[in-house]
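Biologist: Could you take a close look at one residue for me, starting with how open it is to the outside, and then tell me how the rest of the model looks from there?

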Amino acid sequence: MTIDQFNFAGKKAIVRVDFNVPLDENGKITDDTRIRGALPTLKKVLADGGALIIMSHMGKPKGKVNPKLSLGQIVDAVSDALGTKVQFAPDCAKAKEAADALKPGEVLLLENLRFYPEEEGKPVGVEKGTPEFDEAKKVLKESQKEFAKTLASYADCYIMDAFGTAHRKHASTAVIDQFFDKDSRMLGYLMEKEVKAVDAVLGDIKRPFIAIMGGSKVSSKIGIIENLLGKVDKLILCGGMTYTFSKAHGGEVGKSICELDKLDVALGVEELAKKNGVELVMAPDAICAPEFSNDAPQSVYPSNAIPADLEGLDAGPEAQKIFTEAIKGCKTILWNGPAGVFEFDNFCDGSRAIGNAIAEATAEGAFSLIGGGDSVACVNKFGLADKVSYISTGGGALLEAIEGKVLPGIAAINE
């Protein structure tokens with residue numbers, strides 16, 4: 001069943017969205033991309049004459065109530081975006097009465113799903129890898145099913161529209177579907193768009209194909225990096241992982257972030273790139289500072305010769321030129337992860353250079369796919385959102401889809 005084929009008139013629809021939006025210290029949303037992305041699906045239900053129950057997670061509360069991660073903080077923003085008053089259920093597992101009372105056209109937002117350990121199915125307070133952990137996980141799996149059943153009881157149909165969590169086997173993404181028949185569960189518009197965007201990259205690759213992978217750790221990206229080395233013509237590795245590669249060759253990286261236990265992994269990536277004929281591009285220089293602060297004094301050093309009292313916080317001027325040149329002329333572009341601490345205005349030039357180069361290539365006919373919260377925030381910060389082909393709401397999900405993995409949140413709908 002597709003969302004366009006379904007008539008929501010007189011029905012209650014429970015929709016899994018990804019409203020894990022960034023908040024400032026006052027609880028105000030700093031980037032509403034994910035809320036705006038869900039609007040077509042939510043408005044379709046209301047336009048048909050249905051009632052909406054919206055569920056999402058926020059942050060990583062690890063199965064405990066955390067007021068700083070309450071979805072209550074975004075009720076007004078969601079109301080404004082939808083153009084209708086949104087009610088709030090302060091306990092997602094005890095919202096049956098509120099859901100039953102919903103009339104067509106009304107909207108209920110449930111509290112953070114991850115306040116319950118059953119959502120993720122991860123035991124809390126038990127050390128991973130122990131017999132106790134395995135036993136707790138087994139017990140939690142049963143209660144996860146009950147939790148999903150409770151959520152399902154609120155509605156007549158289920159819509160999965162949270163691409164950002166589609167790679168997780170969570171109660172609200174890959175368990176709840178079994179409580180709805182095949183004609184009452186479907187993907188939302190955002191999910192459909194995301195799947196098509198991934199297919200556009202992998203199903204019809206126009207070359208040269210370049211991927212730009214940023215972020216702090218090689219370990220968190222190694223799977224996707226290895227997979228991409230079998231697909232791309234060029235690969236830019238930037239951000240904090242730069243210093244792990246520098247260290248692997250005996251370089252000095254000062255106080256920069258560095259995974260000392262992944263030096264062999266870094267060398268392995270270089271070897272695989274060479275074997276596959278992929279041009280591997282990394283920053284030869286870095287903008288450094290004595291402390292992690294926007295106002296810290298800047299200095300430029302080679303990425304492999306950073307003084308002991310400094311840390312690299314952005315790609316240097318030479319790196320910016322090299323990145324720009326590497327992107328120029330490419331026909332397929334994937335960007336996941338910034339080149340530095342882009343949140344600091346004084347250390348965002350590396351990421352800005354990448355964004356501008358992608359925008360220029362897109363204007364010349366390239367297909368550019370931007371994925372991951374930080375990359376999306378970069379594009380929005382630099383005013384480039386309308387100058388790239390597609391902005392994905394998912395980071396991990398996008399990368400796993402590109403790795404060729406089947407996403408549980410999609411598989412569950414199609415079973």
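This is a predicted model: local features need pLDDT of at least 70, side-chain atom pairs count only at pLDDT 80 or more; totals for chains, interfaces and linings use all residues.

Modeller: N356 is partly exposed, because its relative accessible area is 31%, and the cut-offs are under 20% for buried and over 50% for exposed, with partly exposed in between (1.4 Å probe, protein chains only). The residue is found in helix 12, which spans residues 349–363. Helices (H or I, at least four residues) and strands (E, at least two) are DSSP runs numbered from the N terminus. From N356 to F382 you count 26 residues along the sequence, but the C-alpha atoms are 8.4 Å apart in space.

Residues are numbered from 1 along each chain as its sequence is written, and side-chain values use heavy atoms, with hydrogens and water left out.

The C-alpha atoms fill a box of roughly 65 × 50 × 40 Å along the principal axes. Of the 415 residues, 53% are buried. Take the contacts (heavy atoms within 4.5 Å) between residues at least 6 apart in sequence, and 72% of them join residues at least 24 apart.

A152 sits in helix 5 and counts as buried because its relative accessible area is 6%. Leaving out residues up to four places away in sequence, A152 touches I176, F179 and F180. D32 is another matter: A152 and D32 are 120 residues apart in sequence and 27 Å apart in space, C-alpha to C-alpha. At the other end of helix 5 (131–152), T130 lies in the loop that comes from helix 4 (117–120). T130 is buried too, with a relative accessible area of 19%.

On a 1 Å grid over the protein atoms alone, a cavity is a set of points where a 1.4 Å probe fits but cannot get out, a pocket is an open set with protein on both sides within 12 Å along at least five of seven lines, and lining residues have an atom within 4 Å of a point. Points are joined across faces, edges and corners, and a volume is the space filled by probe spheres set on them.

The structure holds one cavity of 30 Å³ or more, and the largest cavity has a volume of about 40 Å³. Its lining is made of C238, G239, T242, Y243, A283, D285, D314, A315 and A339. Helix 9 (241–248) and strand 14 (311–315) each supply at least two of the lining residues. By class, you get five nonpolar, two polar and two charged residues around the largest cavity. Here Ala, Val, Leu, Ile, Met, Phe, Trp, Tyr, Cys and Pro are nonpolar, Asp, Glu, Lys and Arg are charged, and the others, Gly among them, are polar.

Helix 9 deserves a moment of its own. Seven of its eight residues are buried, so helix 9 is largely enclosed by the rest of the structure. The buried ones are M241, T242, Y243, T244, F245, S246 and A248. Just after helix 9 comes G250, with a positive phi of about 85 degrees.

The second largest pocket has about 260 Å³ of space. Of the 14 residues that line that pocket, T33, G37, L190, K193 and I391 are the closest to its centre. Helix 1 (33–48), helix 7 (189–202) and strand 17 (390–391) each give at least two residues to the lining, and helix 1 gives the most, with four.

Most residues other than glycine have a negative phi, and most peptide bonds are trans. K62 isn't a glycine, yet K62 has a positive phi of about 55 degrees. You'll find K62 in the loop between strand 2 (51–55) and helix 2 (75–82), and K62 is exposed, at 59% relative accessible area. The other one is the cis peptide bond between R207 and P208, where omega is about 5 degrees. P208 is in the loop between helix 7 and strand 7 (209–213).
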